[in-house]
Structures are given as C-alpha cells and as structure tokens.
Amino acid sequence: MISSKSRHGFLIFLCCVTSCVAAVCAAAEQWRAAVWTEPELQSQAAADPVAIREALAGAGFDVVTLSTAELIKPGKLGAAKPRFLVLPYGGSYPAAGHEALDRYLRAGGGYIAFGGERFRDLLFPVNNHWLPLNACAGAPVSSYARLALDAANHGEGGPLTVAGDGTASSPFRCETADLKSYQYAGLKVGSLPERGAVIVFEARGDAATPFLCLELQEKDGSRWKHIIPLSTDWREYRLHTASFVSYATPKRAADWFRPADAKALWFGLFKQLGGSGPHRFELRNLKVCEASVPSEDAVKAGVALDGRELTARFLGKLLPPPSSKEWPDHFRDGAPFTAASMKCVSCHPLTAGIKYMPGNLKGCLLLHTPPASRDPAKKPVLLFPEAASPTRFVPLLEARDAKRNALGPAAGLVVHRAGRYAGSIWAVFGFDKVDLTADKQKALRELFLRVARYLAEKVIVDAAPPAFAIRDGRAEIAFTQPLRDRSPDAVTVKLTHVLMQTNAAPVKLATTAKLPPSGTNTVAWHTAPLDSFNWRAFRAQTDVATERGTLDRVTFSVDARRAMRDLCDRFVIQGRESGKFSGVAFIDHRGVRALLAACEIFGDRRYLDTALAWGRAMVAEQRQDGGYRMGYGITSRGEECYVADGGEIALGVARLAAYAEGADRQRFMDSLRAYMGYRDSFRCEGGGIGVGWCLNDYGKRPVVPLKVPVKVFAPEINTYTIGCTLGAAYVWATLTGRPEDALAARKDADWLMARTEKMLAGAFAESYVLAHTLERDAAQRQRYEEFLRKHFIEPMAANGTAWWLGGGGRTSLNLHALSYCQHRLGNDPRLLAQMARATCAMFAKESPTSIYRLLDKPKLNHDEWIYLCFGGLSLADVIEPMSTLKRLEDARALQRATKSPANE
C-alpha cells in the first residue's frame with residue numbers, strides 16, 4: 001500500500017515528467033536551438049556560449065551544439081533543424097561558412113547574434129587553428145617611426161602639413177586648412193612579406209574627420225584602397241593587405257595586392273570623406289607584420305572582407321564589382337558605446353514589463369543600413385534606400401549614457417517579409433562581454449529568452465500602411481494586416497485591432513486568420529469613408545496571438561500637427577545662428593516658408609525669427625549684379641549663378657517681406673528688385689529667360705564644360721528657368737502692385753504653358769499655384785485652372801507610385817499643390833485619397849519614408865534636406881489649407897505695408 005506522502009511525491013514526479021514530455025514534444029516540433037561553440041574563441045566571446053545553452057535549456061529548448069567544422073558543413077544546419085542559430089562571438093565567423101549560413105537563412109532559419117560587430121573578423125583555417133584575417137605571424141618585419149612622411153600626393157588646395165615622427169610621444173599630425181579635392185601623406189614601404197602582410201597602426205581624427213583613406217601602390221602603378229572609420233579617440237587598426245580593393249586599375253580588378261611588389265603606402269583624405277574645410281588626423285606606431293593568413297586564401301574564399309562595404313560607399317564606381325556573397329547583417333558603422341544603460345523603446349510585446357537595465361554595458365549601436373538601392377542609372381539612391389528593403393526593423397533596446405541621454409538602438413529584430421531571406425528573422429544584441437548569468441542582467445536574460453521564443457514561432461507579422469481607394473465615387477481608407485506562415489503546417493492566429501482618432505470613439509474588434517502552410521494571408525479589418533475619417537491624426541494597432549500568447553504588435557500612427565512641430569523645431573536648432581539648414585539656398589527657402597506657416601498655425605515666434613535670419617543671410621550674401629548666391633557653385637574657375645535657383649530663393653525673400661517690418665522689410669524689397677533686374681538681364685527674344693552664369697554650356701546637348709563662367713541663354717531647352725521663377729514673379733507683382741509687373745508675370749506663365757506637354761511637378765506646380773492664387777484677371781485665372789486640371793490634377797489623381805520620393809524628394813512638393821487644388825478647385829475624392837496616402841507615407845512614424853527617419857540623423861545629405869524642407873512646406877497646408885499663402889491674397893494691404901520710394 002502506498003502512503004499518502006509517497007502518493008504526493010509520485011504525483012509531483014508525474015507532473016514533472018508530463019511537463020518535460022510536453023516540452024520535449026514541443027522542442028521536437030519547433031523549439032530546437034543551435035549554439036555555435038568554438039573553444040579557441042572563448043576569450044573573445046561577446047556572450048558565454050555555456051550560459052546561452054543553459055538559459056535556453058532552462059526555458060524548454062532542445063539545444064544542440066555546433067562546432068566550427070559542423071557550422072561550415074553544407075546541409076548540417078538544415079539537418080539539425082534548429083529554429084534559430086545563436087552566434088556568441090561578436091564579429092568572428094568562419095569565412096568558409098557563408099554558403100551553409102546563406103542556405104539555412106534562405107530556408108527560413110534565423111539567428112541571434114551577440115556583439116558590437118558581426119561577420120567582420122572572418123576566420124580562416126591555419127595549421128588546424130581558426131585564425132582571424134588580421135592575425136600576425138610573429139614580430140613586426142618593418143617599423144616606421146621617427147621618419148618624415150612625403151606629402152607630395154595631393155590635388156587642388158595644396159599638400160597636407162605633416163608634423164611629428166610617428167611615435168607614441170610624437171605622432172604624425174596631418175592637417176589641411178581646406179580640403180578641396182584630395183590630400184595624402186605617405187612613405188615608400190619596400191617589399192613586404194610575399195604571402196601577405198598586416199598593416200598595424202593607431203589613428204584618430206578630429207570631429208570633422210570621420211574617415212581615413214589608405215592607398216597601397218605596387219611597382220606596376222596599380223592602386224589599392226581601404227577606407228576606415230575614425231573617432232576622436234586613439235584606436236588600433238590591423239589591416240590585411242588582401243582587404244585592400246583594386247582602385248581605377250581595370251587590369252588588376254580580379255587580382256589582389258601583391259605585398260612583394262609594394263611600392264608606397266599613403267594615408268589621406270578626399271572631399272567626399274568629410275567635406276571641405278579644415279581637417280586633422282594623427283597616426284602613430286606604424287608597423288608591418290607578416291600575415292598568418294595567406295592573401296590567396298583570403299581572396300579565394302570569395303566573400304566580402306571587412307572594409308569593402310565602406311570603401312565601396314565612397315569609391316564604388318572605380319572599384320571592381322563586389323562579391324555576390326554578402327554577409328547577412330544590416331547593421332554597419334554603428335557608433336560604439338561604453339558604460340551604457342538600456343531602456344526598452346518599443347511597444348512590442350517582447351519588451352512588456354522589462355525593467356530599466358543598469359549601466360556598464362558596452363558595444364555598438366545598431367545603425368540599420370540594408371543593402372543600398374540603386375536607380376535605373378545604377379546610381380545610389382540617397383533618399384530612403386531602406387524603403388525598398390524587404391525587411392522590417394523592430395528596435396527593442398535603446399542605449400542611454402550616464403545622463404540618460406538616448407544614444408540609439410542597441411538591440412533589435414530584422415524581420416524579412418520578402419526577398420532572398422523571406423521568412424527569416426535575425427535578432428541582434430549589440431553588446432560585448434555581456435554576462436547573462438549575472439543578477440544585474442536578469443532583465444537582459446529574460447529579453448533574450450523572449451526573443452528566442454519569438455524566433456521559434458511559425459508566424460511572421462508584417463507592418464502595413466493603410467490603403468486608399470475610390471469606391472462608388474467616394475474615397476475610402478482601409479486597414480489590413482499581412483501575415484506569413486514560416487512553417488510547412490497550417491497555423492491559426494488571433495488578432496485584436498484598435499483604431500483611435502481624435503474626437504471619435506475608438507474602434508475595437510477581434511478577428512481570426514488561418515494561414516496556409518508556408519503561405520500568406522492578409523486580413524482586412526476596417527474600412528471608412530475618408531471624408532469623415534481624421535486621416536491627419538489617428539493610431540491603428542494590431543496584436544497577433546498564437547496559442548502560447550501574444551506574439552507581435554504592429555502600430556501605424558499619424559499626428560500631422562506633432563510632426564510639423566518636430567520638424568520646425570529641428571529647423572530652429574539647425575538654423576539657430578544663420579537661419580541656414582542644408583546651406584543650399586533653394587532647398588532652405590522652402591523650409592523657411594514652412595516656418596512662416598508654422599508661425600501662423602502655432603503662434604510660435606521662434607519660427608519667424610529663424611526664417612528672418614535666413615532672409616538676412618541671403619541679402620547679405622547677394623551678388624552686386626542682383627543674383628543670389630546659391631550655397632554652391634563657387635570654384636577656382638569662377639562663380640556660377642543660376643537664374644532658376646535665384647527665383648526660388650527670391651520666393652522665400654518675397655514671403656519674408658510680407659512678415660518683416662521697418663528696415664528689414666525695405667531690405668528684402670530692395671533685394672528682390674535687384675534680383676528681378678538680374679532675371680530680366682537674361683530675357684531673350686520671344687520671352688524666354690536664359691540659364692545664368694554657368695561653367696557648363698546648357699545650350700548644347702550633351703552639355704559641354706566651360707573653362708570660365710559664361711552667360712548661357714538657350715531658354716527653349718531650359719524651360720525650368722521660368723518654371724522655377726514664375727512664383728517669385730507673381731509674388732513680386734503682388735508686393736509692388738504695379739500693372740507692368742503683373743503683365744510680365746502673366747506673359748511668363750503663358751510662355752511656359754505653351755511649352756508644357758508633360759505633367760507639372762514640384763516647383764512648376766508650385767509656380768502655377770501661386771499664379772492662380774494671385775492673378776486678378778478672371779479669364780486668366782480660368783486658364784490657369786484648366787492648365788492645372790490637365791497637367792497636374794488628372795495625372796496626379798491616377799498616380800499609383802510613391803510620387804513623393806521623385807526627383808530626390810522634389811516632388812514631395814506636389815502635396816502642397818494637391819492641397820491647394822483640393823481646397824480651391826473643388827472637392828475631388830481622388831485628390832483627397834492622394835493627400836491622405838502621401839501624408840501617411842511622409843509623416844507617420846512607422847512609415848519607411850517618414851520624416852522621422854531623418855529628424856534624428858546628425859548629418860543629412862542633399863536629397864534628405866530637400867525632403868524635409870519641401871515636405872515641411874506641404875505639411876503646413878495639410879494641417880491648415882492655404883497656411884503657406886497667408887498675407888499674400890490681401891494685395892492692397894501688402895502694397896501699403898511695403899510701399900516706399902524704392903518700389904514706386
């Protein structure tokens with residue numbers, strides 16, 4: 001007979017057995033994880049693989065261990081059937097493992113990686129050991145201290161100045177007062193170890209010098225490049241000569257640098273690396289060691305070696321095509337952090353309840369840089385290259401410094417919804433030397449296990465913006481949720497949806513979706529008439545749950561007024577001193593007009609003050625002949641000055657004249673008069689206007705370079721001059737009130753209409769919006785309306801493309817014209833749908849083409865500034881129609897306010 005105590009113990013045992021069996025069954029189906037383990041790399045592990053295995057096993061996973069030899073064996077990963085692979089060794093990975101990893105990820109596998117860098121320190125087999133590419137075989141074979149660097153390798157602007165002798169106490173200090181083209185300093189290195197060499201040195205740069213270019217030269221004249229990132233702190237670099245890429249030497253493009261034929265080594269800069277102006281970098285402890293890994297072995301592995309991606313970013317067209325074997329990592333060039341604490345930054349269920357993580361974590365931020373897109377001409381896309389990426393990035397943890405200032409994401413997910421790795425999920429914890437067993441890292445360990453369970457699940461949840469359509473003559477907005485089944489089994493999921501709008505009751509509902517094996521399903525969960533929906537301010541949220549609980553959450557939100565505030569605050573910060581944002585005046589002028597509209601909308605004087613500062617700068621820099629300086633075009637050959645750019649700048653100055661008072665207003669009016677005279681000096685027979693002072697002859701096709709600036713006319717093949725200046729001409733006529741100015745503007749509009757066959761866009765559409773607004777003759781206004789309907793409204797109504805990205809962001813200005821046409825030329829549901837669609841794409845935080853993707857970037861390129869400034873002008877009219885045109889329509893009041901002897 002069994003005692004009650006024994007029975008109780010048996011029941012406990014039975015329960016444990018049942019739980020274990022359930023866990024094993026679950027693991028056999030989908031809960032298997034693989035952990036790469038390499039004893040030789042233990043000292044450099046970003047996270048201890050033993051602690052990782054124990055944590056996963058304790059959470060119910062069936063954990064398998066893969067050695068490096070097993071990791072690189074084709075098919076081994078797939079045969080083990082893990083739901084994901086854990087990579088604990090930071091940047092280390094065997095170069096020979098690319099094929100196996102690529103095959104595994106293409107089959108829907110995933111990985112969890114620890115470390116500030118991934119796939120950077122590639123490993124090669126040498127004498128039964130796995131060694132990194134930069135490993136050195138013994139002591140240095142050459143040392144270059146206490147010598148002078150040759151600074152004779154330079155272009156326009158003269159040589160670098162070089163001081164110091166290269167030692168720790170007296171580093172080489174290389175400086176330039178103004179980097180105009182390229183400047184290098186270097187030395188003759190002589191023959192280097194034939195099998196391969198590693199160049200070892202320490203370097204740092206000033207705040208204006210984030211990159212350094214190295215160039216090796218061979219005796220045959222071939223050139224080999226490698227670009228490295230610099231920081232303001234000293235850092236040691238170890239560069240294998242095989243990682244240098246053939247540059248502008250087609251006959252050696254498929255080869256590799258031959259150390260035995262080395263002639264010279266140069267360190268330097270070219271303008272694209274940091275821009276013009278002063279720069280400084282320092283070098284010390286330069287030496288060369290024999291490489292443990294032969295150059296031939298490194299190159300014949302056929303994979304991308306560390307440094308190739310950064311070098312290609314700046315020198316792409318002069319390098320041989322990259323290897324097709326790119327490493328699966330979208331996070332490159334993230335800034336390092338030390339002694340950082342972590343905060344959950346996502347509303348994702350994975351971070352629910354995770355507490356603030358203590359400091360002393362180090363690693364690298366996750367700068368999301370998926371493979372760059374290229375346009376049809378194979379040029380890099382500067383504006384949202386990631387928008388075309390088939391991935392969804394979900395940040396999970398944000399690094400904070402000692403003062404709890406946000407530094408950027410340090411942990412996150414990359415979910416592949418399409419493309420080569422469709423169905424694959426990657427999780428990255430950008431930490432080095434993290435101890436998952438430490439009590440103070442309990443929260444991080446919990447997050448790691450949640451992420452592991454997430455990767456083990458069968459379902460991928462994608463983010464989707466609302467869709468817009470015309471149904472029965474009415475515009476509609478529709479919300480959908482796309483889902484993908486990663487497994488060969490059918491899956492059923494539960495969805496909970498919430499939609500919130502300002503001044504409207506929330507919409508809440510639940511749905512169920514069945515996913516076919518390895519298939520997709522899109523759940524349509526709400527539609528609404530757009531004319532009764534607040535598309536300027538709403539938030540949609542969907543939670544997706546499996547039988548084990550909530551799996552994922554997707555949100556999409558728009559707050560147009562908040563976006564306008566955030567954008568204009570960025571303008572204020574950027575233009576605090578001069579009013580300039582990008583420094584290119586035709587771009588900045590639209591940011592200035594956005595500020596004026598924001599001042600009208602919010603009543604914030606800071607916006608007006610920043611705008612006025614820009615106007616004063618434009619007037620102060622204006623040329624004596626009346627042309628506006630463009631923010632570019634001043635060269636050693638002379639200065640260019642385009643009439644078209646000047647007209648866009650003049651439009652900004654003219655808008656400021658309506659807001660300024662006293663001496664400021666007079667100064668702006670005088671400046672405008674001077675520009676209008678400059679513009680008329682290029683007037684041609686027949687009414688057209690020429691291009692301006694140019695260093696290229698735009699009267700010829702193809703365009704021919706000129707040695708010095710020359711007046712170029714050719715208005716018939718450069719109609720953009722009037723297209724970009726018509727708006728300024730109309731505002732000028734409104735400010736002066738003179739009939740002759742109004743007649744001249746009208747003639748310019750007629751001249752351009754007669755030569756317009758295609759769709760209006762960007763500045764052209766803006767010009768005819770202003771013409772229609774300010775024209776006082778009813779018959780002429782009707783002509784403009786018909787012209788806008790034919791060349792703008794009808795083409796835009798049928799446009800199904802992401803038109804706001806066109807022309808490097810210039811056509812984001814179409815939203816401004818759409819708002820005007822919808823408000824002034826009749827309520828058209830097609831235009832309403834286009835406005836709402838563009839607003840969601842440009843200003844929703846979750847959109848891949850949102851301005852929020854740019855607001856936090858410390859440095860923006862040309863197209864990104866266009867998108868912010870042109871888009872900001874459009875956003876003002878989305879929030880309050882006609883806000884960008886205020887103070888213009890009351891022409892008489894304007895004329896009284898601006899009247900002076902100078903404009904009579």
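Biologist: Is tryptophan 525 buried or exposed?

Modeller: Keep in mind that this is a predicted model. The general idea is that a residue counts as buried when its relative accessible area is under 20%. Tryptophan 525 has 7% relative accessibility, so this residue counts as buried. Phenylalanine 479, at 4%, is therefore buried as well.

Biologist: How are the rings of phenylalanine 479 and tryptophan 525 arranged?

Modeller: For that you look at the angle between the planes: under 30 degrees is stacked, over 60 is edge-to-face, and the rest are tilted. Here the planes are at 40° and the ring centres 5.4 Å apart, so the pair is tilted. Phenylalanine 479 belongs to strand 28 (residues 474-485) and tryptophan 525 to strand 31 (residues 520-529), so the contact ties together parts 46 residues apart in sequence.

Biologist: How many aromatic pairs does a search of the whole structure find?

Modeller: The search finds 39. One of them joins tryptophan 31 and phenylalanine 61 edge-to-face, with 5.3 Å from centre to centre and 80° between the planes. This pair also links distant parts of the chain, 30 residues apart. Tryptophan 31 is in the loop between helix 1 (4-29) and strand 1 (32-36), while phenylalanine 61 is in the loop between helix 2 (49-58) and strand 2 (62-66). Tryptophan 31 counts as buried at 10% relative accessibility, and phenylalanine 61 does so at 6%.

Biologist: Which residues do ring pairs link into a cluster?

Modeller: The cluster is made up of Trp36, Tyr89, Tyr93, Tyr111, Phe119, Trp327, Tyr421 and Trp426.

Biologist: Now charges and rings. Where does the charged end of lysine 225 sit?

Modeller: To read such a contact, check how far the charge is from the ring centre; the cut-off is within 6 Å, and the charge must also be within 35 degrees of the ring normal. The charged end of lysine 225 is over the ring of tyrosine 247, 4.7 Å from its centre. Lysine 845 likewise lies over the face of tyrosine 852, with 5.1 Å to the ring centre.

Biologist: And how many disulfides are found?

Modeller: Zero, in a search of the whole structure. A disulfide needs two cysteine sulfur atoms within 2.5 Å.

Methods:
Residues are numbered from 1 along each chain as its sequence is written. This is a predicted model: local features need pLDDT of at least 70, side-chain atom pairs count only at pLDDT 80 or more; totals for chains, interfaces and linings use all residues. Side-chain values use heavy atoms; hydrogens and water are left out. Rings of Phe, Tyr and Trp (its six-membered ring) pair if their centres lie within 6.5 Å; planes under 30 degrees apart count as stacked, over 60 as edge-to-face and the rest as tilted. Helices (H or I, at least four residues) and strands (E, at least two) are DSSP runs, numbered from the N terminus. Buried means under 20% relative accessible area, exposed over 50%, partly exposed in between (1.4 Å probe, protein chains only).
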